[in-house]
Every structure is written in structure tokens, then in C-alpha cells.
Amino acid sequence: MSHAESEQSLVNDTKPKLLIVEDDAGLQRQLKWCFDDYEVLMAGTRNEAMALLRRFEPPVVLQDLGLPPDPEGVSEGMTTLKEILSVAPQTKIIVVTGNHDRDNAVHAVSLGAYDFYQKPVDTDVLRLIVSRAFNMHALELQNRQLREAQYNSPFEGLIATDEAMLKVCRMVEKIAPADVSVLILGESGTGKELLARAVHAQSTRRDGRFVAINCAAIPEQLLESELFGHEKGAFTGAVKQTIGKVEMADGGTLFLDEIGDMPLSLQSKLLRFLQGRVIERVGGRQEIPVNVRVVCATNKDLHGLISIQQFRQDLYFRIGEVTVNVPPLRDRPGGATVLAHSLLRKFGGVHGRPKRGFTEDAIAALEAYEWPGNVRELENKVKTALIMAEGSLITAMDLALRESVDGTLLFNLKEVRTRAERQAIRQALSITDGNISRTAELIGVSRPTLYDLMEKYGIRAPQ
């Protein structure tokens with residue numbers, strides 16, 4: 001039986017698992033005694049370490065850089081480090097180096113190691129480092145679970161952690177059940193169609209079709225036919241009767257994207273439909289009743305277009321019974337960083353090698369950049385970085401962004417503290433399913449203090 005196999009037969013699931021990769025038998029015994037509070041998995045080679053890692057998925061690995069067949073060098077240790085992170089990128093690896101080998105330790109951290117420790121072994125210090133690694137792994141796991149829960153919400157694909165977007169989401173939740181027309185305003189790339197789909201998904205029409213049409217992408221002479229359909233022989237090339245988008249959406253939701261680009265001649269026909277809820281196909285005379293909810297979106301200034309008579313004011317009031325303003329990414333403090341991590345998880349297994357996160361300079365650059373293309377631009381940059389990045393962490397250079405000017409703080413300390421407190425309370429309440437006692441314990445405050453903070457930030461416990 002191999003060393004790894006003998007360890008597997010002794011594993012106990014009641015203790016946290018710690019994988020120790022060390023080829024020195026004497027040091028193995030010392031470390032096993034030192035970490036008797038953990039279920040220690042012991043490996044002497046890279047192959048044994050990888051077998052135990054795949055079988056038991058230990059959260060933390062304590063690894064010597066000097067491993068056979070290169071016990072005096074670090075080549076095998078660095079290879080082991082890279083292989084562990086490629087298989088389990090969330091693992092916290094603490095590398096152990098010689099007393100005068102700081103450069104290799106720092107290089108290991110740059111490759112993705114959590115921390116390093118230099119021999120000779122001080123068991124008290126090493127216990128503290130390992131304990132902190134387990135705590136960090138647990139916190140990151142809780143955060144990932146919380147974010148995954150957000151992905152399974154009715155707002156599919158939409159990540160909202162800042163106050164501006166949370167306000168938009170609360171508004172959508174209120175208006176979705178009411179059968180009113182909705183106008184969504186926002187810059188290109190802010191997620192207007194995702195919000196339109198959320199309105200549909202939470203409405204009484206959710207079992208009907210969601211039909212979308214981009215008014216800016218279709219030539220003017222074809223747009224009327226796309227919307228209302230046409231009869232056979234209505235124009236050259238109309239060889240059969242065709243149903244339009246409005247009719248297709250009967251019983252569901254019609255999403256008119258880029259409504260600000262709709263020609264004036266067609267605006268009057270759309271207004272007539274919204275007033276009477278009947279259509280006539282191009283080339284036809286029969287009035288066809290259609291029961292559809294209309295949601296529109298645009299990045300244009302409709303008031304400005306109305307003032308120069310490029311958009312009908314009466315149509316504006318028809319399509320905008322409720323108006324939702326979507327903030328651009330630059331006006332959402334912390335939003336770029338949260339979205340970047342979400343995109344990293346979404347695309348990490350598809351583009352390039354798995355990445356564990358972003359460096360400090362990358363986070364500073366994400367928050368400092370203006371994002372003229374909003375979320376769509378951020379998605380493109382993260383995809384590119386996943387392909388181009390060499391290390392396990394994505395840098396500002398990988399994102400093709402520059403760091404914040406002069407390295408200055410992006411927010412004052414009061415804003416940072418307020419935002420951190422609010423987000424920590426929300427996350428803790430979600431993790432504990434609204435249990436106030438457990439939430440107070442989790443964030444390290446008393447119950448009265450937690451109640452005061454919840455009142456201060458207007459946070460309610462989930463029901």
C-alpha cells in the first residue's frame with residue numbers, strides 16, 4: 001500500500017483536513033504532532049500530494065518547496081504549487097522554505113500561494129498561520145455561496161450589491177406584477193435587457209413569450225413588417241403571410257430596445273396600437289386584437305428628441321407609465337469589482353487557465369476606470385485577461401487598465417467603512433437565514449448593536 005493510500009484509510013471526516021507535503025520523515029512526525037486538531041494528510045512527493053488533493057479536497061496545504069527529485073532546489077516544489085492551484089484554485093497553500101530563501105517564498109506567493117513560512121519551524125507561529133488560512137478559506141466559501149444564491153434569483157444574470165442597483169431591483173420587483181408599460185433608460189451596456197427580462201419573469205405573463213426587437217438594427221422600410229407582420233403580396237418579396245413580433249408576443253411581453261431610434265412615421269403606428277391594442281398587418285385590412293405588455297429601453301435622451309420633434313411626446317407618455325433609470329457602472333461604487341469577480345467565476349473555466357482573483361493594482365484600476373462601455377466593456381476586458389494572464393491572479397496590465405492616478409484612495413474612509421458595514425450585515429443575515437443572534441455572533445457585535453446598525457442602514461432581516 002502506498003503512503004497516500006494508507007493515509008486515505010485513516011481519514012476522519014469530523015476534523016478539518018490539512019494536507020502536508022514534506023519528504024523529511026522527522027519533520028513529518030513533528031508536524032503531525034503539531035497539528036493534532038486537524039485531520040492530517042501526509043504526502044512525500046508531488047504524485048502523492050495530487051492523489052490526496054483530488055480525493056479529499058483539503059482546504060489548506062502546507063508544502064515544502066524542496067521536494068524530490070529536487071530536494072535541494074525548488075523546481076519540483078514550484079511545479080507542485082502550480083499543479084495544486086490548477087486543480088483546486090481556492091486552496092490556501094502555505095509554502096515552507098529554508099531560512100535564507102525569501103526570494104523563492106515571495107515568488108511562490110506571486111504564483112498564488114496564500115502565505116509562506118521559513119525554517120526552522122516555530123510551531124506556535126505555524127499553527128497561527130494555518131488557522132488563519134482555514135478561516136480565510138471558510139469566509140471565501142461563504143461569499144461564493146452567497147453570490148451563487150444571487151445568480152439563482154429571478155434577476156438572472158444581474159449582480160446588484162451597491163445601493164443604486166439594489167434600488168433599481170426593488171423598483172422592478174414592485175412594478176413587475178402591475179401590468180403597466182415600462183421604460184428603461186440607461187447607457188449602452190448597463191443591462192437594460194436583463195432588467196426587461198426580470199420584469200417579464202416576475203410578472204403574471206411569465207408563462208407567455210418574451211419577444212425582443214432592436215429598433216436601431218433593422219432598416220426603416222423593414223421595421224414595420226418586423227413589428228406588425230405582412231400579408232402575402234404586400235410588397236415585392238412577400239411570398240407568404242408573416243406574423244410580426246407584436247402578434248408573436250400575444251399573452252406575453254414585447255421588448256422594444258433602442259426605442260429612441262424608431263422612425264417618426266412608425267412611432268405614430270406604434271402609438272395607435274398602444275391606444276387600441278389592435279394591429280393591422282402590412283397589406284392587410286383585418287384588425288387583430290393583441291394582448292401584450294410593452295417594455296421599452298433606450299440610451300437616448302428622449303426629452304431632447306421631443307424638443308427637436310424627433311420623438312412623439314404622446315408616445316413617450318404611453319410607453320413610460322413607469323420609468324426605470326439604470327445607473328452607469330462609474331456611478332456604482334464597488335460595482336466594477338463585484339461584477340469582475342462574478343465574471344471571473346462565470347468564464348474562468350472557459351477562457352484560459354483558472355484564476356483565483358485580482359491583484360490589488362487590478363482592483364484599484366477597476367474602480368478608477370470610467371467604464372464608458374459599462375458592463376459590456378468590463379465583460380470583454382475580463383475575458384481577454386483570462387486568456388492573456390500568466391499568473392494565477394489577474395493584474396491591471398492583464399486588464400489593459402492603468403492603476404489609479406498616484407495610487408490615491410478611491411473613497412474616503414467614512415464611505416469605505418459605511419459600505420463595508422452595510423454589505424457585511426447583509427451577507428451575514430443571508431448566511432444565517434435572518435437569525436439575529438447568529439448574525440451578531442458572526443460579525444462580532446452584540447444583538448443591540450446589530451439592531452442599531454440595521455436601523456441605521458435601513459436593513460431588514462430576510463423573512
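Helix 3 (residues 46–56) packs on helix 4 (residues 75–87) at an angle of about 15°, and the two axes sit 10 Å apart. Here an axis is a line fitted to C-alpha atoms, for helices over the stretch in contact, and angles run from 0 to 180 degrees between N-to-C directions. Helices are DSSP runs of H or I with at least four residues, strands are E runs of at least two, and both are numbered from the N terminus. The model is a predicted one: local features need pLDDT of at least 70 and side-chain atom pairs count only at pLDDT 80 or more, while totals for chains, interfaces and linings use all residues. Residues are numbered from 1 along each chain as its sequence is written, and side-chain values use heavy atoms, with hydrogens and water left out.

Helix 3 and helix 4 are therefore roughly parallel to each other (angles under 35 degrees count as such). The crossing of helix 3 past helix 4 is right-handed, i.e. the near helix is turned clockwise from the far one by less than a right angle. On the helix 3 side the contact (heavy atoms within 4.5 Å) is made by Arg46, Met50, Leu53 and Arg54, and helix 4 brings in Glu76, Thr79, Thr80, Glu83, Ile84 and Val87. Sorted by type, these residues come out as 4 nonpolar, 2 polar and 4 charged. In this scheme Ala, Val, Leu, Ile, Met, Phe, Trp, Tyr, Cys and Pro are nonpolar, Asp, Glu, Lys and Arg are charged, and the others, Gly among them, are polar.

Glu76, in helix 4, has 14% relative accessibility and so counts as buried (under 20% relative accessible area, with a 1.4 Å probe and protein chains only). Leaving aside residues up to four places away in sequence, Glu76 touches Arg46, Leu67, Pro68, Pro69 and Asp70. Its C-alpha atom is separated by 9.9 Å from that of Asp64, 12 residues apart along the chain.

Then there is Thr123, which belongs to helix 6 (residues 123–151). Thr123 also counts as buried, at 18% relative accessibility. With residues up to four places away in sequence not counted, Thr123 touches Gln30 and Cys34.

As for the whole protein, there are 19 helices and 14 strands. Of its 463 residues, 46% count as buried. Among contacts between residues at least 6 apart in sequence, 67% join residues at least 24 apart. The protein exposes about 23800 Å², with carbon and sulfur atoms supplying 50% of it; the areas come from the Shrake-Rupley method with a 1.4 Å probe.

Methods. Angles under 35 degrees count as roughly parallel, over 145 as roughly antiparallel, 65 to 115 as roughly perpendicular and the rest as oblique. Buried means under 20% relative accessible area, exposed over 50%, partly exposed in between (1.4 Å probe, protein chains only).
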